[in-house]
Each structure stands twice: as C-alpha cells, then as structure tokens.
Amino acid sequence: QFQGTPSWIDDTIETSVFANNLLVGTSGHWEEMGLNGAWMAFSGSNVTSTSIVCINAPNACPSGLWCLDGLCRGPNVGFLRHDADLVILLISDEEDSSPETTDWYIEHYADLKDPQKGYGVKVHALVHDDQCFGSGYGTKGTRYIEVVKQFDGHVGSLCTSDFGGEIEDIADKTFGLKDQF
C-alpha cells in the first residue's frame, strides 16, 4: 500500500507532506521492482471494496483488507477515480526486476482507465540513464524507459543536478495541452 499519512494527497494537503512521504529510506530489498510495485498498488486486494461491515479492531477484516469507514476495504480503495487521469511516477537508480514483461505492464496499466471516458494513464520516470555513465552507482533503467515511451511520458535523469527542470517537463506532459484526442 502507499506509504505515509495520508497515503495520497490532493490540493488540500501541504506539499511538505508529499515530500516527507517520498523519504522511504534505503533499507529495502536489493532487487527493485518498480513496475510491479505500481501495478500492485492499483490492483487486487489493495483496491478491493467489500460490503463486509467491520469495527476498527485487530483482525476485523479478512487478510489484506483494512476497516475503512465501517467496511472491509483495501488500503488504496478510492485512489483510482473515474473522473481523473492516472499519473504514475517511477523513481529508481537500478534496472527494474519485476517478474512480468514490459508489454504486460503496458497492457495492464492501460487497462486501469477507459480512454473512451476521456481519462487515461500517463507514466513518467526519473531513472539512471546515459547521463549517469561513470557515476559509480546504479544501472540504467531500460525497462522503465520502455514503458514510459509507450505512454508518451517523460524520462528524466536521476543524475541531474537540478530536478526542477525534470519536474517541469513531467508537469507539461501531464497537465499541459492535450495533443491526442
């Protein structure tokens, strides 16, 4: 599930809260699986909503579900809204080691939104790239780059000295004028 409290933000939350939620540390598993992690956040029990009534107590819901608003639900229920685009930002200094092919993630990400309703999926990445050559750490994020290109997103360098420009490019691709209808 998404990390931090609140687990996602909107325009009513201070940007410092978002920044603090990005500080997840460096003690995770050595094999990075950003593509699979993003998929898991938007699928399965993480977004399940049931009609099982519960009270906020230990083991009140089946495994993987939380007691939210009196019902057993996945921790990310409500994140995927029918009236909004889904924007995924992948950040990694290593190549992706997710178990499925990039084509699998491209297909499954695209299926999260119905483009006929006017909303779609945009994927961006800040990854280790050719600009990082010789930096002494990380590996090129080729799989991330491949997925981002299929969604006409922005690939930014994790080795840039100023992320302001990268964030502006992501914002332009996300919130700028639509060039596809």
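This is a predicted model: local features need pLDDT of at least 70, side-chain atom pairs count only at pLDDT 80 or more; totals for chains, interfaces and linings use all residues.
Residues are numbered from 1 along each chain as its sequence is written, and side-chain values use heavy atoms, with hydrogens and water left out.

A word on terms: strands (E, at least two residues) and helices (H or I, at least four) are DSSP runs numbered from the N terminus, and two strands pair if DSSP finds at least two bridges between them.

Now, how many bridges join β4 to β5? There are seven, and the two strands run parallel. One of the residues involved is I91, whose bridge partner in β5 is L126. To get from β4 to β5, the chain passes through helix α3 (residues 102-110), a right-handed β-α-β crossover. Right-handed here means that, with the strands pointing away from the viewer, the path from the first strand over the helix to the second runs clockwise.

On the other pairing, β5 (residues 121-127) and β6 are parallel over three bridges, and A125 has V155 of β6 as its bridge partner.

Let's look at β5 itself. Seven of its seven residues are buried, so β5 is largely enclosed by the rest of the structure; buried means under 20% relative accessible area, exposed over 50%, and partly exposed in between, with a 1.4 Å probe and protein chains only. V121, V123, A125 and V127 point one way from the strand, whereas K122, H124 and L126 point the other way.

Back to α3: its buried residues are T102, Y105, I106, H108 and Y109. They pack against α2 (34-41), β4, β5 and α4 (142-150), where contact means heavy atoms within 4.5 Å.

Finally, N36 sits in helix α2. N36 counts as buried because its relative accessibility is 14%. Leaving out residues up to four places away in sequence, N36 touches S98, P99 and Y105.
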